[in-house]
Amino acid sequence: MMNSEKNKKTCTDEVSDILEQYDKKIKLPNTPDQYFFIDKIKVIETINKGIPYSFFNRIQDYSPFTESEWATLLSISTKSLQRYKSTENYRFKPLQSEKIIAMTEVTKAGMDLFGNIDKFKEWLNTPSYALGNLKPMELLSSSYGKELVMDELIRLNQGILV
């Protein structure tokens, strides 16, 4: 791919490319632009092996989360995250790898809906009536909260307002 073509890639394209490295996806009927992993075993194997820092670094570049937010989401210090960056061939632990995949899915869904990282960040940091007047960002630290955020992104994408 030529540089000019590469520069035209959007954040959503980059996240899609990253997801495709780790699994095949299908578009489910009645879910506009919502993709789900179809090979759960491959995802589990990838998580158990640990996501390499190089993969995380690409996700981090195109996600709405700051380094500090990533550290919080991964339950580590920012200092540890910086140390991992300088460690050759570092792989995250399975629990952290699972969270990275989950946040990639959230980023993909958010970018599909908002099409702009700044609008998506604003939504993540604005209290939502549908989410109990909590900010979506406050919910992402748990798997249940992530599911609530994903459900709300899907509803918004389908035009269902609460």
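**Salt bridges in a predicted model**

**View 1. E152 forms a salt bridge with R155, with 2.8 Å between the closest N and O atoms.** A salt bridge here is a side-chain nitrogen of Lys or Arg within 4 Å of a carboxyl oxygen of Asp or Glu. The model is predicted: local features need pLDDT of at least 70 and side-chain atom pairs count only at pLDDT 80 or more, while totals for chains, interfaces and linings use all residues. Residues are numbered from 1 along each chain as its sequence is written, and side-chain values use heavy atoms, with hydrogens and water left out. E152 and R155 lie three residues apart in helix 10, about one helical turn (helices are DSSP runs of H or I, at least four residues, numbered from the N terminus). E152 is buried at 4% relative accessible area, whereas R155 is partly exposed at 27% (buried, under 20%; exposed, over 50%; partly exposed, in between; 1.4 Å probe, protein chains only).

**View 2. E105 forms a salt bridge with K146, the closest N and O atoms being 2.9 Å apart.** This pair links distant parts of the chain, 41 residues apart: E105 belongs to helix 7 (residues 94-114) and K146 to helix 10 (residues 143-157). K146 is buried, with a relative accessible area of 8%; E105 is partly exposed at 22%.

**View 3. E105, K146 and E147 are linked in a network of salt bridges.** Between E147 and K146 the closest N and O atoms are 3.2 Å apart. E147 is partly exposed, at 40% relative accessibility. The count of salt bridges comes to four.

Definitions and conventions. Helix = DSSP H or I, 4+ residues; strand = E, 2+ residues; numbered from the N terminus.
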